[in-house]
Amino acid sequence: MILIAGGTGLLGTQVVRLLTALGLQVRVLTRDPSRAQQLASEQVAVVAGDVRDRGAVDRAVAGSRVVISAIQGFSGTGDATPRTVDLGGNGILIRAARKAGVEHFILVSVHGAAPDHPMELFRMKYLAEQELKASGLPWTIVRPTAYMETWAKLI
């Protein structure tokens with residue numbers, strides 16, 4: 001089982017489609033299960049919950065071999081910010097994955113993530129990277145440049 005946190009976002013939905021096309025079983029952690037309806041198939045299980053909720057994350061991670069974090073708080077609303085989602089939510093995911101014995105953790109970060117970057121998102125992604133590296137989990141960090149689809153939606 002592969003857990004994708006952020007599996008109903010722009011990137012996450014594409015990752016879900018690619019993995020299921022390969023015949024893999026996927027679990028999607030989402031705050032809004034109605035957004036996962038477009039992904040419905042026998043290969044996709046949906047867990048309702050927020051990455052900032054330890055109980056929901058523990059339920060989603062249970063039985064997963066791989067965790068992919070495609071979450072972001074950059075365009076969030078309310079208290080969903082880079083600090084609460086990109087750092088806090090990823091921290092909860094990382095700790096749950098370690099506790100559950102996950103085989104591999106993949107973190108989608110951002111190109112240019114750094115502790116002194118002027119944008120909070122980049123600083124929080126950097127800190128999440130550091131927590132993952134120190135976790136003892138086998139890991140992969142992906143640092144893509146900006147996705148045009150995300151920026152176009154902000155305008």
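A crossing of two helices is right-handed if the near helix is turned clockwise from the far one by less than a right angle. The views below come from a predicted model.

**Figure 1. Helices H2 and H3 cross in a right-handed sense.** H2 spans residues 54–61, and H3 spans residues 82–100. Their axes come within 9 Å and cross at roughly 45°. On the H2 side, the contact is made by Arg-54, Val-57, Asp-58 and Val-61. H3 contributes Ile-92, Leu-93, Arg-95, Ala-96, Ala-97, Lys-99 and Ala-100. By class, this contact has 7 nonpolar and 4 charged residues, with no polar ones.

**Figure 2. Helices H3 and H4 pack roughly parallel.** The axes of H3 and H4 come within 8 Å and cross at roughly 10°. Angles under 35 degrees count as roughly parallel, so H3 is roughly parallel to H4. This crossing, too, is right-handed. H3 makes the contact through Pro-82, Arg-83, Asp-86, Leu-87, Asn-90, Gly-91, Ile-94 and Arg-95. From H4 come Glu-120, Leu-121, Met-124, Lys-125, Leu-127, Ala-128, Glu-131 and Leu-132. The residues of the contact divide into 8 nonpolar, 2 polar and 6 charged.

**Figure 3. The largest nonpolar core has 23 residues.** Leu-29, Val-61, Val-67, Leu-93 and Phe-105 have the most contacts inside this core. Strand E1 (2–5), H2, H3, strand E5 (104–108) and helix H4 (120–134) each supply at least two of its residues. H3 gives the most, with 6 residues. A second, separate core has 11 residues, including Val-16, Leu-19, Val-28 and Ile-68. In soluble globular proteins, nonpolar side chains tend to be buried together.

**Figure 4. Surroundings of Leu-29, a residue of the largest core.** Neighbours within four places in sequence are left aside. Leu-29 is in contact with Leu-3, Ile-4, Ala-5, Gly-6 and Gly-7, among others. Its contacts also include Val-47, Ala-48, Gly-49 and Val-51. Ala-56, Val-57 and Ala-60 are in contact with Leu-29 as well.

**Figure 5. Ile-106 lies in strand E5.** Its relative accessibility is 22%, so Ile-106 counts as partly exposed. Ile-106 and Ile-68 are 38 residues apart in sequence. In space, they are 4.7 Å apart, C-alpha to C-alpha. Not counting residues up to four places away in sequence, Ile-106 touches Val-66, Val-67, Ile-68, Ser-69, Thr-140 and Val-142.

Notes: Residues are numbered from 1 along each chain as its sequence is written. This is a predicted model: local features need pLDDT of at least 70, side-chain atom pairs count only at pLDDT 80 or more; totals for chains, interfaces and linings use all residues. Side-chain values use heavy atoms; hydrogens and water are left out. Axes are lines fitted to C-alpha atoms, for helices over the stretch in contact, and angles run from 0 to 180 degrees between N-to-C directions. Helices (H or I, at least four residues) and strands (E, at least two) are DSSP runs, numbered from the N terminus. Contact means heavy atoms within 4.5 Å. Ala, Val, Leu, Ile, Met, Phe, Trp, Tyr, Cys and Pro count as nonpolar, Asp, Glu, Lys and Arg as charged, and the others, Gly among them, as polar. A nonpolar core is a set of buried Ala, Val, Leu, Ile, Met, Phe, Trp, Tyr and Cys residues joined through side-chain atoms within 4.5 Å. Buried means under 20% relative accessible area, exposed over 50%, partly exposed in between (1.4 Å probe, protein chains only). Angles under 35 degrees count as roughly parallel, over 145 as roughly antiparallel, 65 to 115 as roughly perpendicular and the rest as oblique.
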